[in-house]
Amino acid sequence: MDADKAEDIISIDLAGKSSIADFMVIATGRSNRQLASMAQHLDEKLTKSGIKKVSIEGLTQGEWVLLDGGDVIVHLFKPEIRRFYNLEKMWGVEMPEPEPMIAVG
C-alpha cells in the first residue's frame with residue numbers, strides 16, 4: 001500500500017473481538033483512480049499470498065472500496081468518506097489526524 005501512496009494506514013486486530021475477520025486494515029486514498037489502483041494491487045497480492053477468493057465491493061464507485069479476503073478485510077476510503085464513517089471508533093482505535101492542507105499557487 002505504501003507503493004500506491006496510501007495514507008493513514010492502520011491495522012486493527014479483531015481476533016477474539018469479532019467473527020468477521022482476524023484483521024481489518026483501513027487506509028485513505030486521494031482519488032477514485034488511486035483507490036481502484038490500490039484495490040487491484042491488493043487483490044493481486046492477497047491472491048499470490050494464498051487467499052483463494054477476494055471479494056471486492058465499491059470498485060466502480062471509488063469512494064469506499066472493500067476487499068474481503070476472509071481473515072483480512074481492507075477498507076480503502078477517500079478522506080471525507082473515512083471521516084464520515086469513522087470505522088476506527090467502532091473498534092476503539094483513534095483515527096489518524098489529517099495532515100494540514102497547504103495552499104499552492
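Student: Which element does D8 lie in?

Tutor: D8 is in strand 1. Keep in mind that this is a predicted model.

Student: What makes K5 exposed?

Tutor: The cut-off for exposed is over 50%, and K5 has a relative accessible area of 64%, so it is exposed. K5 sits in the segment before strand 1 (7-13). K5 also has a positive phi, about 60 degrees, without being a glycine.

Student: Why is Q34 called buried?

Tutor: Its relative accessible area is 15%, and buried means under 20%. Q34 is therefore buried. You'll find Q34 in helix 1 (residues 32-48).

Student: Which residues does Q34 touch, not counting residues up to four places away in sequence?

Tutor: Q34 touches D4, K5, A6 and G29 on that count.

Student: How do you know that the side chain of Q34 makes a polar contact with R30?

Tutor: A polar atom of the Q34 side chain lies 2.5 Å from the backbone nitrogen of R30. The limit for a polar contact is 3.5 Å, so the distance falls within it.

Student: What makes the pairing of E7 and R30 a salt bridge?

Tutor: Their side chains meet at 2.8 Å, N to O. The cut-off is within 4 Å, so the pair qualifies. The partners come from distant parts of the chain: E7 is in strand 1 and R30 is in the loop between strand 2 and helix 1, 23 residues apart.

Student: Are E7 and R30 buried, exposed or partly exposed?

Tutor: E7 has 21% relative accessibility, so it counts as partly exposed. R30, at 44%, also counts as partly exposed.

Student: How many salt bridges does the structure hold?

Tutor: Two. One of them joins the side chains of R82 and E88 at 2.5 Å, N to O. Both R82 and E88 are buried.

Student: What about K78, is it buried or exposed?

Tutor: K78 is buried, yet it has no salt bridge. The nearest side chain of opposite charge is E80, 4.0 Å away. As for its place, K78 is in the loop between strand 5 (72-77) and helix 2 (79-85).

Student: Which side chain makes a polar contact with the side chain of K78?

Tutor: That of N32, at 3.2 Å. The limit is 3.5 Å, so this pair falls within it. Leaving aside neighbours within four places in sequence, K78 is in contact with T28, G29, R30, N32, L35, G62 and E63.

Student: Why do you say that strand 5 is largely enclosed by the rest of the structure?

Tutor: Five of the six residues of strand 5 are buried, so the strand is largely enclosed.

Student: How do you know that strand 5 pairs with strand 2 and strand 4?

Tutor: Pairing takes at least two bridges. Strand 2 (residues 23-28) has six bridges to strand 5 and runs parallel with it. Strand 4 has five bridges to strand 5, and these two run antiparallel. In strand 5, V72 is the bridge partner of F23, while I73 is the bridge partner of D68.

Student: What do strand 4 and strand 5 form?

Tutor: They form a hairpin with three residues between them. In the turn, G70 has a positive phi of about 90 degrees.

Student: What makes A39 buried?

Tutor: A39 has 0% relative accessibility, so it counts as buried, the cut-off being under 20%. A39 is in helix 1. Not counting residues up to four places away in sequence, A39 touches I56, L59, V65, L67 and L76. A39 and H75 are 36 residues apart in sequence and 9.2 Å apart in space, C-alpha to C-alpha.

Student: Which element has the highest mean pLDDT, and which the lowest?

Tutor: Strand 4 (residues 64-68) has the highest at 93, and helix 3 (residues 87-90) the lowest at 80. The protein averages 84, and 85% of the residues score at least 70.

Notes
Residues numbered from 1 in each chain as written. Heavy atoms only, no water. Helix = DSSP H or I, 4+ residues; strand = E, 2+ residues; numbered from the N terminus. Buried < 20%, exposed > 50% of the residue type's maximum accessible area, 1.4 Å probe, protein only. Lys, Arg positive; Asp, Glu negative; His and termini not counted. Polar contact = N/O pair within 3.5 Å; in protein donor to acceptor, adjacent residues only side chain to side chain. Contact = heavy atoms within 4.5 Å. pLDDT = per-residue confidence, 0-100.
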